Amino acid sequence: MSISTKLAKLGYKFTKPRLQVLNYLEKEKSLISARNLHKKIKAIDRASVYRTLNLLEKEHLVNVEIIEKEKLYCLADHPHHHIICRKCGYAEEFDCDKNEFKKFYNFSNIHHQLTLTGICNKCNTITNE
Ligand SMILES: [Zn+2]
Ligand SMILES: [Zn+2]
Ligand SMILES: [Zn+2]
């Protein structure tokens, strides 16, 4: 089920900000901050961008990574996480294995966040020069 379909199923209307934010996140597969997202879709005011992202976060329709106190978002259309370079922000994604959580039979409705950071090879080379 697509994120748009999920949003509709939850009873939300497709307002202009919601559509634009979803469209952008759907075509741009990388992580983006609210600040940068607002720069990309200037047609929407800042408050609407933040409000829309908060809504999507609340409904678990976006993944959120917190890097240096700034939230980065991407669409939660498949279970995945990221490893992010602490110097340049370069990110790669990897699959999340939810089967791992089946062993926690004392819990239900499990949510989790996982942020991996490192120094990418490119930044590492620059440091070593
Ligand atoms: Zn992602
Ligand atoms: Zn880097
Ligand atoms: Zn995971």
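In the hairpin of β2 and β3, with two residues between the strands, Glu-68 takes a positive phi near 50°. All of this comes from a predicted model, in which local features need pLDDT of at least 70 and side-chain atom pairs count only at pLDDT 80 or more, while totals for chains, interfaces and linings use all residues. Residues are numbered from 1 along each chain as its sequence is written, chains are lettered from A and ligands numbered from 1 in the order in which they are written, and side-chain values use heavy atoms, with hydrogens and water left out.

Now for the sheet around that hairpin. Strands here are DSSP runs of E with at least two residues, and helices are runs of H or I with at least four, both numbered from the N terminus; two strands pair if DSSP finds at least two bridges between them. Three strands make an open antiparallel sheet in the order β1-β3-β2, with β1 and β2 as the edge strands, each pairing on one side only. Helix α2 (residues 16-27) packs on this sheet and touches β1, β2 and β3, contact being heavy atoms within 4.5 Å. The direction of α2 makes about 80° with that of β3; axes are lines fitted to C-alpha atoms, for helices over the stretch in contact, and angles run from 0 to 180 degrees between N-to-C directions. Six bridges join β2 (residues 62-67) to β3, and Asn-63 has Cys-74 as its bridge partner there. Strands β1 (residues 32-33) and β3 (residues 70-75) share two bridges, with Ser-33 partnered by Leu-72.

Salt bridges (a side-chain nitrogen of Lys or Arg within 4 Å of a carboxyl oxygen of Asp or Glu) come to four. One of them joins Glu-70 to Arg-35, with the closest N and O atoms 2.9 Å apart. Glu-70 sits in β3 and Arg-35 in helix α3 (residues 34-40), so this pair ties together parts 35 residues apart in sequence. Another is Lys-29 with Asp-77, at 3.6 Å from N to O; Lys-29 is in the loop between α2 and β1 and Asp-77 in the loop between β3 and β4, 48 residues apart.

Finally, the zinc ion (ligand 3) has His-81 (NE2), Cys-96 (SG) and His-112 (NE2) as protein donors, 1.8 to 2.1 Å away. Donors are N, O and S atoms within 2.8 Å of the metal (3.2 Å for Na, K and Ca), and sites may look incomplete because water is not among the atoms. The donor spacing is H-x14-C-x15-H.
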